[in-house]
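Have the sequence and the 3D view open side by side. Let's walk through the structure together, one piece at a time.

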Amino acid sequence: MNFKNLKFNLSNKNKDLIPQILTVVFLILIVIYFTINAQSNMGNRGISFGFGFLSQESSFDITFSLIDYDGSHTYARAFLVGLLNTILVSAIGIFFATILGVTIGIARLSQNYLVAKSAEWYVEIFRNIPLILQIFFWYFAALRALPLTVDSINFYDISFLNVKGWYVPKFVWTNFSIFIYSIIFAFILIYFLAKYAQKQRDKFGKQIPTLYISILLIIGLPFLTFLIGGVSLTFEIPELTQLSKTVYVYRGGVSIIPELISLALALSMYTATFIAENVRAGILGVSKGQKEAAASIGLTKGQILKLVVMPQALRIIIPPTTNQYLNLTKNSSLAAAIAYPDIVLVFAGTALMQTGRAIEIISITMLTYLSLSLSISVFMNWYNKKMAIKEK
Amino acid sequence: MNLSMLKSDTKNLNSFIAAGSALIFIGFIDIILSSFFSTNITAFLPNKISYLTPLLFGLFGLYLIRIEFSGNKLLDKVNTNFNSSNFNALLTLLVIFALIKYVPPLLNWFVFDANFAGNTKEDCTSGGACWVFVKVWLNRFVYGLYPDTEQWRINTAFLTLFLLVGASFFVPQKFKKYIIIFLLFVYPIIGLKLISGGDFGLKYVETGAWGGLSLTFIVSAFALILCFPIGTILALGRRSKLPAIRYTSIGFIELWRGVPLITVLFMSAVMFPMFLPDGTYVDKLIRVLIAITLFEAAYMAEVVRGGLQALPKGQYEAAKSLGMGYWKMHFLIILPQALKLVIPGIANTFLALVKDTPLIFVVGLLELAGMVNLAKTNPKWLGMAMEGYVFAGLVFWVICYVMSRYSQNLEKKLKTER
């Protein structure tokens, strides 16, 4: 037995163990120190740690809510209202940021000098101005310059824009669920169609026009429900009503508050610059040889884009873009600056002020964002693994 | 009508160029007349067609002059860059027309109709921007509520900083090290003491009075200096073989990266004091600095980790085979190379940090954007929001643009072939 070697291993293990133990002890000490302080502080203020306050009546109003809410509801419901508002503005922002970002990313690669330069300047300008300033700009400067309710900007008599917000027609559905089921059913059919088409192609070399059939299905099936399923859709158009001699409001329809407009505008315009850069990098990242090889085996221009360039470009584009979506969602917390009732303003702002439960409320808010981020990164890791080039 | 008859070729080149240019010229005349002199030369046409005439003229003109290999160098250049297809021609025209229509009014608001002279809102009589507002408030925008008589202290602090940084470029390599060490470890304390005062006969100025652009610089500079070493250590920790250290680093990094900065600042404002012994008071600015530093350090850690991962394994093995220990290996071999690889990422983190500083308004500290918010609510200056935000945006834009350009240059300069 080689004792010398054994001794070496032991001492090496000790060397590894000491810093680890020190780290753990240090962490535990900090946690204990904080806990003791927090307990004594809360004791001084006469509150005890706990989440019971969530079921208490909140007794504050929220200006904009997707679900039924007023002061008689609980803090838990106020939290839900805030969360839904955060999700709403993030979803709108992500939708427009993607469209704008992809357009600008492609425009930057345009052969047209003017288009490429304009896109470049768009990116340079909007990327280098703090998002919060852009939000302030839209909310306090640009949207405040809109006309008053009486002289609203009129879009074909169905939609109105004024300083109080944007009024759009409301969709009034009957038998909405049947409509939704038909869409889900259409998606299931498309899934099986795609499988079947791939089988036919792999086995017999037959091409089935999947795209056209899919479009037909996704439009046709829901349309059919209008004819035979008893589904109908009417629009409730906002109408100008006079409350008193000088006070006018729009009744009916859906009103989109200026806070939401300016936040969504700023978020999507800012994030679009980053998405544009990702798209550009992704398309540039596909080597020229790939396109030339595809062309040399006789693929058409459309086929090259669809079958060769896009699958490879998307592999580069999607991970950082998901990161940008995550950033957008986190940035939507800047809503607090212009009083859009998102989770930070409603919960970490108003609710905290009323209850004084700093530790519980901040923890819940942070955990909410954290679980959102972690679920997206878990998805990203899964996606990366799936899309990684499988080398032989 | 058969369009192919109208397809130009090299035979009747000159007539096509003449006809095409004439049409484009008419299109431009039309748009210029309608946007500057509000006369519509095609008013006899129906409203919607008249609106589109410049576009139609231009498109047809560009179609006529689209001649491949015409032999005319200028024409070929125009065709490849602006006029390669109908779609491209349409885009070119749209961009040019949009510029003609919207840039002059913008310039008018910005410069030609703007007001520069005077001291009150009433001096702003013409329709353009009221830069008087910015002029009057400039002192506040730069120094916040810092007392006027003490502002020389901020000036001195920043001037010394610039001189030191400037000197570090020119002194010989031997002294460079000392200047950098002085800048990183000694100067921040001296600078902060100079600005806050309290000793050496300097009047104490509480941090609540700090503000404006100088606070933007102070916060970003401190967070910038501090987040770098912390981030590097976290990155090393995340790649450590020791599980306790690795998981602590991962947890720390992911915690900060998973939450928005605004909640971190909220935490530093309302939750952090709960964790300290009763009666201890940590200054608002210090709390904010800690929060921003930890937050940005997590992002920095991920950037540095990217560099560490990108480095070939051979570098680690070579360093080990020379008998270097962990720290020596990392500081002499690995980090210098890894950091060079991730300069763009580091620059982006710094940029994000500068752009994040306005968020400190949530704890009541007002840097540039916050001061604009304060100024525009002043009853004497209502309605000046646009000017304020445009000014603040311009200042931030210049800072960020210069920084990003500098990092691109640095990247090029330090690039070494492998």
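Look for the hairpin in chain A where E6(A) is joined to E7(A) through five residues. E6 covers residues 239-242 and E7 covers residues 248-251 of chain A; the two run antiparallel and are joined by four bridges. One facing pair to look for is A:Glu239, which stands opposite A:Arg251 in E7(A). A word on the labels: helices (H or I, at least four residues) and strands (E, at least two) are DSSP runs, numbered from the N terminus. Two strands pair if DSSP finds at least two bridges between them.

Before going on, keep in mind that this is a predicted model, in which local features need pLDDT of at least 70 and side-chain atom pairs count only at pLDDT 80 or more, while totals for chains, interfaces and linings use all residues. Residues are numbered from 1 along each chain as its sequence is written, and chains are lettered from A and ligands numbered from 1 in the order in which they are written.

Chain A also has an open sheet of four strands, in the order E1-E2-E3-E8, with antiparallel pairing. Strand E1 (153-155) and strand E8 (254-256) of chain A sit at the edges with a single partner strand each, so one side of each has no neighbour in the sheet. On average, neighbouring strands here are turned by 20° against each other, direction ignored. Inside this sheet, E2 (residues 159-162) and E3 (residues 165-168) of chain A run antiparallel and are joined by three bridges. Here A:Leu161 stands opposite A:Trp166 in E3(A).

Now zoom out to the whole of chain A, which has eleven helices and eight strands. Its radius of gyration is 28 Å, well over the 21 Å that the globule rule gives for 392 residues, so chain A is more spread out than a compact globule. (The radius of gyration is taken over C-alpha atoms, and the globule rule is 2.2 Å times the number of residues to the power 0.38.) The C-alpha trace of chain A spans about 85 × 75 × 50 Å along its principal axes.

Next, how do two of those helices pack? The axes of H7 (residues 258-285) and H9 (residues 301-331) of chain A come within 8 Å and cross at roughly 165°. Axes are lines fitted to C-alpha atoms, for helices over the stretch in contact, and angles run from 0 to 180 degrees between N-to-C directions. H7(A) and H9(A) are therefore roughly antiparallel to each other. (Angles under 35 degrees count as roughly parallel, over 145 as roughly antiparallel, 65 to 115 as roughly perpendicular and the rest as oblique.) Among the residues that meet are A:Leu267, A:Phe274 and A:Ile275 in H7(A), and A:Leu314, A:Ile317 and A:Pro320 in H9(A). Contact here means that the C-beta atoms, placed from the backbone, lie within 7 Å. By class, this contact of H7(A) with H9(A) has twelve nonpolar, eight polar and no charged residues. (Ala, Val, Leu, Ile, Met, Phe, Trp, Tyr, Cys and Pro count as nonpolar, Asp, Glu, Lys and Arg as charged, and the others, Gly among them, as polar.)

Over in chain B, the secondary structure comes to 16 helices and one strand. The radius of gyration of chain B is 30 Å, well over the 22 Å that the globule rule gives for 418 residues, so chain B is more spread out than a compact globule. Take a look at H15 (residues 368-376) and H16 (residues 385-414) of chain B, which pack at an angle of about 170° with their axes 9 Å apart. That makes H15(B) roughly antiparallel to H16(B).

Finally, where do the chains meet? The contact takes 48 residues from chain A and 44 residues from chain B. On the side of chain A that touches chain B, the largest share, twelve residues, comes from H1(A). The residues of that side divide into 30 nonpolar, 14 polar and four charged. One crossing to find is H3(A) with H4 (residues 86-112) of chain B: they pack at an angle of about 50°, with their axes 8 Å apart. H3(A) and H4(B) are therefore oblique to each other. The contact is made by A:Leu114, A:Val115 and A:Ser118 of H3(A) and B:Leu91, B:Thr92, B:Val95 and B:Ile96 of H4(B).

Conventions:
Contact = placed C-beta atoms within 7 Å.
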